Amino acid sequence: MGREVDVTDRVTWTIADTSIAYASGPTLISKALGKTRISCHLDNFEATATVTIESIPKQDSVIFFQGLRRLQQLRFSTDGNLFICNQSAQVYRIDPSGRFETVLRLPVADTAVYAITRLAVDAQNRLYVNDLTRNACHRFEWDGKKYARGTLLATKSIGSKQSIATNSLGQAFITIFGRSIDTGTVARIDPDGTEVEFSLRSLATSIAIDSQDNIYVDNRRAKCIDVFRGDGTFIEPISHGSADSVSDITIDNQGTLFLALFHSGRVLVLPKGSRTPTLLPGTFGTLGGIALDSLDRIYVSDFGGDRISLIY
């Protein structure tokens with residue numbers, strides 16, 4: 001039987017034209033449009049390929065990452081790290097150089113079917129996760145090597161903790177199921193630890209916060225996104241009209257909403273101003289999460305297809 005061995009640290013690279021691209025560890029990084037030959041060397045073995053660096057048209061997509069099952073939410077930190085969860089007890093991170101690592105592992109029973117399905121990263125690089133094995137939500141601090149020193153959040157709120165988002169004031173907001181089969185709540189945790197809860201107009205799994213600290217949650221019953229202030233005051237509904245389930249929400253720097261539609265695998269866009277819903281080209285499997293990087297490129301995770309797609 002064959003055995004897989006990671007030889008990343010042992011290989012060397014030869015690149016014919018380093019003005020086109022260069023190697024940084026296991027990652028090839030482009031510098032200019034063009035074509036170059038690359039070779040990978042290990043002991044007496046060599047593999048060679050031609051790489052073409054091209055300009056990708058707007059809204060084209062590529063597979064960014066593949067290899068984890070049951071992918072769900074993904075979020076970027078302010079320093080460009082992509083955090084990923086997949087219902088396991090782990091959180092994974094891909095840094096800007098392409099390095100993949102496990103940064104959190106919750107202690108759960110081997111028989112646990114699922115653990116972490118939602119996550120968030122705040123401006124202080126603290127990591128938030130829900131924990132379905134304990135019906136809890138945790139906040140972790142980065143110690144330089146891993147996330148540790150967990151703090152329980154929303155301990156006064158009864159129900160299943162779902163999505164998490166943070167704002168510029170250092171407050172954390174968590175969507176919760178539990179008290180009613182029709183209406184969910186949001187728990188707000190202030191920096192001093194004070195917990196306040198307010199009711200929504202429906203059950204909600206997804207939450208996002210814009211640059212003005214307004215809160216956006218999915219309202220499946222009314223086929224819209226409901227907007228609230230941080231104190232729980234309802235502002236307005238933004239209709240999208242889709243009967244599909246919204247599995248995640250993200251907002252770009254201009255205030256445009258991007259909705260991941262779970263069953264159809266489509267991305268629904270609600271531009272700031274008109275709010276006329278449009279669908280991006282392509283389908284991306286069974287969407288578990290959606291995130292934007294600092295260039296407003298879109299990343300979507302495929303729960304059933306074990307891949308993350310990048311939409312330009």
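Predicted model: local features only at pLDDT ≥ 70, side-chain atom pairs only at ≥ 80, totals over all residues.
**Core**

I looked up the largest nonpolar core first. It has 15 residues, and those touching the most other members are Phe-83, Val-91, Leu-104, Ile-116, Leu-127, Val-129 and Tyr-147.

I took Leu-127 for a contact list, leaving aside its neighbours within four places in sequence. Leu-127 is in contact with Phe-83, Val-91, Leu-104, Ala-120, Val-121, Phe-140 and Tyr-147, and also with His-138 and Arg-139.

**Salt bridges**

I searched the whole structure and got 14 salt bridges.

Asp-122 and Arg-126 are bridged through their side chains at 2.7 Å, N to O. Asp-122 counts as buried because its relative accessibility is 5%, and Arg-126 counts as buried because its value is 17%, the cut-off being under 20%.

Arg-188 bridges to Asp-190, with 2.9 Å between the closest N and O atoms. Both Arg-188 and Asp-190 are buried.

For Asp-293 and Arg-297 I read 2.7 Å between the closest N and O atoms of their salt bridge. Asp-293, at 10% relative accessibility, counts as buried. Arg-297 is at 26% and therefore counts as partly exposed.

Last, I looked for linked bridges. Salt bridges join Arg-93, Asp-95, Arg-99 and Glu-101 in a network.

Terms used
Residues numbered from 1 in each chain as written. Heavy atoms only, no water. Core = buried A, V, L, I, M, F, W, Y, C linked by side-chain atoms within 4.5 Å. Buried < 20%, exposed > 50% of the residue type's maximum accessible area, 1.4 Å probe, protein only. Contact = heavy atoms within 4.5 Å. Salt bridge = Lys/Arg side-chain N within 4 Å of Asp/Glu carboxyl O.
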